[in-house]
Amino acid sequence: GGKVIMTSNLHTNGTSRVAEAIADIDCSHVMLLQGDEPLLLPRHIDEFAMNVSKKPFGDAWNATGPIEHHEELDRHSFVKCTVSKNNRILYCFRRSPCYSDFDVQMSFTRKILGIIAYRKDFLLELNKLPPAPIEQVEFIEQMRIIENGFNLESVPVSQSLPSVNEPQEADVVLEYINKNTEQRELLESISNLKMLHE
């Protein structure tokens, strides 16, 4: 029942693809759910949307979760960020630029999760800007926001769910679904709904 919009095959990231898709849609904000986060639940999306609605005049918002293990700081397959006391994302990275102890880093370092929202007018303007230097070399599209001096706000969630950034991580996600009652029940309800419509 969803509406599908075909976009160009020339996009290099999700931000520009979404900007094209929503250009003619009448809305004030847009939320991007990335496909590498298959374990996001409806409640995560609702909580995120509620946070955005509390500060609707911001530029952009990104869900972030806790880093749980020291080795994750240097795992290049997913993006981390440093966050200020007022939840502003200051910098995004793949390998930690910090030398402080892990316990100290955990007070200001979080994992970037695959839910990001923009004010529509801001997204359309952002998409017109050329790729920023750090964005290009680190392959982190959020850095275009930060490098151009705009505000990217962290929307903290209490748990970092497994995501699929490398092929072998698909097995980790499947194992998580099998062990987690909430995930399993949601998947079963989707399967049952699909069968009803067939």
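User: How many cavities of 30 Å³ or more does the structure hold, and what makes a space a cavity?

Analyst: The structure, a predicted model, holds one cavity of 30 Å³ or more. The term is used for a set of points, on a 1 Å grid over the protein atoms alone, where a 1.4 Å probe fits but cannot get out. The largest cavity has a volume of about 50 Å³, a volume being the space filled by probe spheres set on points joined across faces, edges and corners.

User: Which residues line the largest cavity, and how do they divide by class?

Analyst: The lining consists of Asn13, Thr15, Ser16, Leu126, Asn127, Glu135, Glu141 and Arg144; a lining residue has an atom within 4 Å of a point. One is nonpolar, four are polar and three are charged. Here Ala, Val, Leu, Ile, Met, Phe, Trp, Tyr, Cys and Pro count as nonpolar, Asp, Glu, Lys and Arg as charged, and the others, Gly among them, as polar. Helix 1 and helix 4 each supply at least two lining residues, where helices (H or I, at least four residues) and strands (E, at least two) are DSSP runs numbered from the N terminus.

User: Why is Thr15 called buried?

Analyst: Thr15, in helix 1, has a relative accessibility of 8%. Buried means under 20% relative accessible area, with exposed over 50% and partly exposed in between (1.4 Å probe, protein chains only); Thr15 is therefore buried.

User: What makes the pairing of Thr15 and Tyr118 a polar contact?

Analyst: The side chains of Thr15 and Tyr118 are joined at 3.2 Å. A polar contact is a pair of N or O atoms within 3.5 Å; within protein, one must be able to donate a hydrogen and the other to accept it, and residues adjacent in sequence count only if both atoms are side-chain atoms. The pair of Thr15 and Tyr118 is such a contact.

User: How do you know whether Ser154 is buried or exposed, and which side chain does Ser154 join by a polar contact?

Analyst: Ser154, in strand 6 (residues 152-156), has 2% relative accessibility and so counts as buried. Its side chain makes a polar contact of 2.7 Å with that of Thr64. Leaving aside neighbours within four places in sequence, Ser154 is also in contact (heavy atoms within 4.5 Å) with residues including Asn62, Val83, Ile89 and Arg110.

User: What makes a set of residues a nonpolar core, and how many residues has the largest?

Analyst: The members must be buried Ala, Val, Leu, Ile, Met, Phe, Trp, Tyr or Cys residues joined through side-chain atoms within 4.5 Å. The largest such core has 22 residues, and those with the most contacts inside it include Ile89, Cys92 and Tyr118. A second, separate core has ten residues, among them Leu113 and Val157.

Notes
Residues numbered from 1 in each chain as written. Predicted model: local features only at pLDDT ≥ 70, side-chain atom pairs only at ≥ 80, totals over all residues. Heavy atoms only, no water. 1 Å grid on protein atoms, 1.4 Å probe; cavity = no way out; pocket = protein on both sides within 12 Å on 5 of 7 lines; lining within 4 Å.
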